[in-house]
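Biologist: I would like to learn how to read charged pairs and strand pairing in a model. Let us look at one together.

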Amino acid sequence: MKKYELRLCVVISMTMVSVARLHAQHDDARVKNDTLGEVVVLGGVQTNDYRSTAPMYSLSQSSLDRLGVTDMSSALSKLPGITLRDYGGAGGLKTVSVRGFGSKHTSVVYDGVSLSNNQSGSIDMSRYSLDNVSDLSLVVGDHDDIFQPARNAAAAASLYVNTMRLPSDDLSAHATVQLRAGSWDYLNPHIRFDKNFTHCLGMGVVADFIHADNDYPYTINNVNQKVNARRNNSRMNSGHGELSLVYRPTDDHTLTLKTYFYDNSRQLPGMVHYYVNDSREHIHDQNAFAQLGWIATLAPKLKLAYVAKFNYLMTDYKDPAYPHGVKDHQYWQREYYTSASLLYTFNKHLSADYSADYSFNNLTGGDVSTYRSPRRNTVLQTVAVKYTDGRFTLVGRLLESLYRNKAEMGESAKNIDHLSPSLSVSYRVLRKEDLYLRVSYKDIFRAPTFSESYYEHYGSTDLNPERTNQVNLGVTWNRHYGLSSSFGLTVDGYFNKVKDKIVSIPYDMFKWTNVNLGSVHTRGLDVTAFVHQQLSSQHRLLFSGNYTLQKVRDKTGGPVSPYYNLQVAYTPEQSGSASLAWENPWANLSANVVVSTSRWPNNEHWRGTMLPGYTNLGLTLYRTLAIKGSHYVHLRFDLKNLLNMQYEIVGYYPMPGRSWMCTARYKL
């Protein structure tokens, strides 16, 4: 721990407490009680999670403190079925895979519109600030809300991230100022400003900055020797800003505008292998987008939703240690996207939606021979129907996908035409009990990325899309008892199949290329549970947990293959997390744990490469102090990896050991 950071955090915390006490002294009514009034929140699981026809798992903003969550990756570890790839530290790449499909089969829907990265196909979740999130949900299969853009249904699983707030009659300005400091020179100031100009026009502005040296220590055991070193070339400076406008003149019309900008300049730590820990790589990322949304009721039974978006991504990669001089690659992605959806409600039981999307994507680079300037035109259309009678809900959807590919030079990737059906059903077993059975099926695919199709000596324009089939059978139960106590349980078993999986094989001794060889079968079980027990008027215990069993087997080549039926790389057979929080009048306390069994860093299971399992235990202490009016101060201290376990999620990229983080938030 750096003394400077610790002193800074203590000073901030004491200052915030002092301010709170001074304000409280001017309000006699609050001298005897400086805590917020009791708010009963159902934590990480919402009612819709139990009624949904396909598996849905949610986290609300109010549940993040009690779960010991400080960033997006730790939030995702609280959701079942997710396998997180984390390259370590605040600036390390973080991608998610759901139920063994791979990160490229998981879409991220940000305020109603899917994010895209056609170069790699994966979304780096470290780019998105959790402090700006009102709630996030993971949907495996299709969302019960059929009134959505077609692209939101074009993935095996979707992560929904919501940040925007509707205007209200509160015309006062509200600001949130937060400072978070932690180990290894981690510093994260954050500010949010919200203002409703009228009851129908509101604005929100968010800005934050992250600096971290990430020079954390690690230990490597080499036979009978123990190597102690520190991570190097890991410094990062990241900034992010958003502007949101919401205009809602009536309940039947809503106009939204969001602009987003992200800039990250960071060093890339290399692989650590025994005594080698040297890297001078650097990457500069920029991402900017603007999206416009309009929802209108055209007639008593007819609604229209329209979306338009422009997205820009820039990547500048440099490696000064390249053998023949500095390796300098720059890439620019651009996307133009539009979507229109029509929802017709026949009656209270039956509704139907038609959605059509069009997008244009291209990629240019400083080295034209690397990618050949590919571009892609995409048309997606869906027809969806939803029927519900109170106890029974059925959602059916048919997605048509048209991909038209072109390259400036040389051969272009294959065009793709595909129909993808899906069906999901939920049934309430007992009239007076929230006990539901759910069954879902989805056929979906993903198009090869630009890297898989065009990258020099690696891509192949002959690739077919990866096709997936997923079947889910689950039961959910949610019940309230006593005055403010409740519990919930979900159990989902599933079978997934991936055809024409894209894998990399050696072309010669020095070059690799992508081919369609793979077939992967997944059998799994996801379990979630929570218990909220009200002990007294001022004391409450909250438990939440999830468990995942995944057997993700490589079926490529059949039984004659030496790698047949082996677990796919980076997928633990068992994983889970749990948290226990005690809310009280003094200082709330939360203990949380994330557990994973061993994983293989390769599909061939080479001897000596297995990554051992790990247990990551953390503690969180937090307190909210009410001041005058609606002002309050929130103080929080997190102790991460309490056992100082040395582990890796990605092979040869050690994760941080024991660390601390201190947060002070002032809201007015």
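Biologist: Are Lys 258 and Glu 242 buried or exposed?

Modeller: First, the ground rules. This is a predicted model, where local features need pLDDT of at least 70 and side-chain atom pairs count only at pLDDT 80 or more, while totals for chains, interfaces and linings use all residues. Residues are numbered from 1 along each chain as its sequence is written, and side-chain values use heavy atoms, with hydrogens and water left out. Buried means under 20% relative accessible area, exposed means over 50%, and partly exposed lies in between (1.4 Å probe, protein chains only). Lys 258 is buried, and Glu 242 is buried too.

Biologist: What joins the side chains of Lys 258 and Glu 242?

Modeller: The general idea comes first. Side chains of opposite charge can pair when their charged atoms come close. A salt bridge needs a side-chain nitrogen of Lys or Arg within 4 Å of a carboxyl oxygen of Asp or Glu. Lys 258 and Glu 242 form one, at 2.5 Å from N to O. Lys 258 sits in strand S14 (residues 253–268) and Glu 242 in strand S13 (residues 236–250), 16 residues apart. Strands are DSSP runs of E, at least two residues, numbered from the N terminus.

Biologist: How many salt bridges does that rule give?

Modeller: The count is 26. Another of them joins Glu 335 and Arg 151, at 2.7 Å from N to O. This pair links distant parts of the chain: Glu 335 lies in strand S17 (residues 327–345), and Arg 151 in the loop between strand S6 (135–140) and strand S7 (157–162), 184 residues apart. Both residues, Glu 335 and Arg 151, are buried.

Biologist: Why does Arg 404 count as partly exposed?

Modeller: Because its relative accessibility is 35%. Its salt-bridge partner is Asp 417, at 2.8 Å from N to O. Arg 404 is in strand S20 (residues 392–407) and Asp 417 in strand S21 (residues 416–428), 13 residues apart. Asp 417 is exposed, at 51% relative accessible area. Elsewhere, shared partners join Lys 104, Arg 446, Glu 452 and Glu 466 into one salt-bridge network.

Biologist: Back to S17. In which sense do S17 and S18 pair?

Modeller: Two strands pair if DSSP finds at least two bridges between them. S17 and strand S18 (residues 350–365) are antiparallel, with 15 bridges. A hairpin of four residues joins S17 to S18. Tyr 344 stands opposite Ala 352 in S18.

Biologist: Over how many bridges does S16 pair with S17?

Modeller: Strand S16 (residues 302–319) pairs with S17 over 18 bridges, also in the antiparallel sense. Lys 318 has Asp 328 in S17 as its bridge partner.
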